[in-house]
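Subject: Structure for you to look at

Hello,

Here is the structure I said I would pass on. Please open it and keep it beside this email while you read.

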Amino acid sequence: MSPKKTLVLGTLLLVPVLAFLFLKVFGVNRFSLQTYFPVSTDSTLVEGKWRYDTLYRQVPDFQLISQTGSSFSQEDVQGKIYVANFFYAACQGNCKQVSTQLARVQDAFRLQPDVKILSFSLQPQQDSVSVLQKYAQSFRARPETWVFLTGKPEQMQQLIQNGFTFPAAAPDKDSSLVQLQKSLFLVDRQRHVRGIYDGTDAGEVDRLITELNVLLSEDKNSNGKKDEK
């Protein structure tokens, strides 16, 4: 066998070995999502050195009504990851675009019971249970995965201001509300917002799907380390 052929053969045999070593060393996902909405920094003196931990806003407790007519609260998503958005059924623009993209998210995680979608009504007075049910059906939403929620206006406003830090606004009178209608929020198991996306942009929703998988992987790796201990 000529030296050239020997070199080619050796290279071909080496490639799988190098690929295995690369995956062994770098295959574990080390990408970590940022946490949004810091509220304060806590300092602790440890062995003569100051350590600083940032405290982040959590989505507050809520008690609302779903499209099935059942009560739905924070306890129903306790320990789960969810995507949140704000809409109203009569909205013909951004809301429907976002709901179309959320149908993709629902399909992508149809086998993941720990992933939910929560759609909060911005016009709860008009969005009754029957209205929400019809709207949900139009996007083939599965109630066990994708929950449409209505309730008292002050409850929704509390969520918007205290959970997702958007200022109070009236429909069609403030650009911040338009932005809110377009936004998707990724909420982790600790009720922290870990991602914000433009729900009218398919590329942004692709990023959401990717980062939701990163968050699931992050939790899996964290649980694995606990088991090892």
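Below are notes on one strand, the nonpolar core, the aromatic rings and one threonine. Please keep in mind that this is a predicted model.

Strand 5

Strand 5 has two partners to look at. With strand 6 (residues 115-121) the pairing is parallel and runs over seven bridges; Val 83 stands opposite Ile 117 there. To get from strand 5 to strand 6 the chain passes through helix 2 (residues 94-108), and this β-α-β crossover is right-handed. With strand 8 (residues 183-187) the pairing is antiparallel, over three bridges. Tyr 82 has Val 187 of strand 8 as its bridge partner.

In soluble globular proteins, nonpolar side chains tend to be buried together. The largest nonpolar core in this model holds 56 residues, and those touching the most other members are Phe 62, Phe 86, Val 105, Leu 118, Phe 120 and Leu 186. Helix 6 (residues 202-228) supplies the largest share of this core, seven residues.

Aromatic rings

How many aromatic pairs does a search of the whole structure find? The count is twelve. In one of them, the ring centres of Tyr 135 and Phe 139 are 5.1 Å apart and the planes are at 50°, so the pair is tilted. Tyr 135 has a relative accessibility of 6%, so it counts as buried. Phe 139 counts as buried as well, at 14%. Elsewhere, ring pairs join Phe 62, Phe 72, Phe 86, Phe 120, Phe 164 and Phe 185 into a cluster.

Thr 150

Is Thr 150 buried or exposed? Its relative accessibility is 7%, which is under the 20% limit, so Thr 150 counts as buried. This residue lies in strand 7 (residues 146-150). The side chain of Thr 150 reaches two backbone oxygens: that of Asp 127 at 3.0 Å, and that of Pro 124, which lies 3.2 Å from a polar atom of the side chain. Beyond its neighbours within four places in sequence, Thr 150 is in contact with several residues, among them Leu 64, Ile 65, Ser 121 and Met 156.

Regards

Notes: Residues are numbered from 1 along each chain as its sequence is written. This is a predicted model: local features need pLDDT of at least 70, side-chain atom pairs count only at pLDDT 80 or more; totals for chains, interfaces and linings use all residues. Side-chain values use heavy atoms; hydrogens and water are left out. Rings of Phe, Tyr and Trp (its six-membered ring) pair if their centres lie within 6.5 Å; planes under 30 degrees apart count as stacked, over 60 as edge-to-face and the rest as tilted. Buried means under 20% relative accessible area, exposed over 50%, partly exposed in between (1.4 Å probe, protein chains only). A nonpolar core is a set of buried Ala, Val, Leu, Ile, Met, Phe, Trp, Tyr and Cys residues joined through side-chain atoms within 4.5 Å. Helices (H or I, at least four residues) and strands (E, at least two) are DSSP runs, numbered from the N terminus. A polar contact is a pair of N or O atoms within 3.5 Å; within protein, one must be able to donate a hydrogen and the other to accept it, and residues adjacent in sequence count only if both atoms are side-chain atoms. Contact means heavy atoms within 4.5 Å. Two strands pair if DSSP finds at least two bridges between them. A crossover is right-handed if, with the strands pointing away from the viewer, the path from the first strand over the helix to the second runs clockwise.
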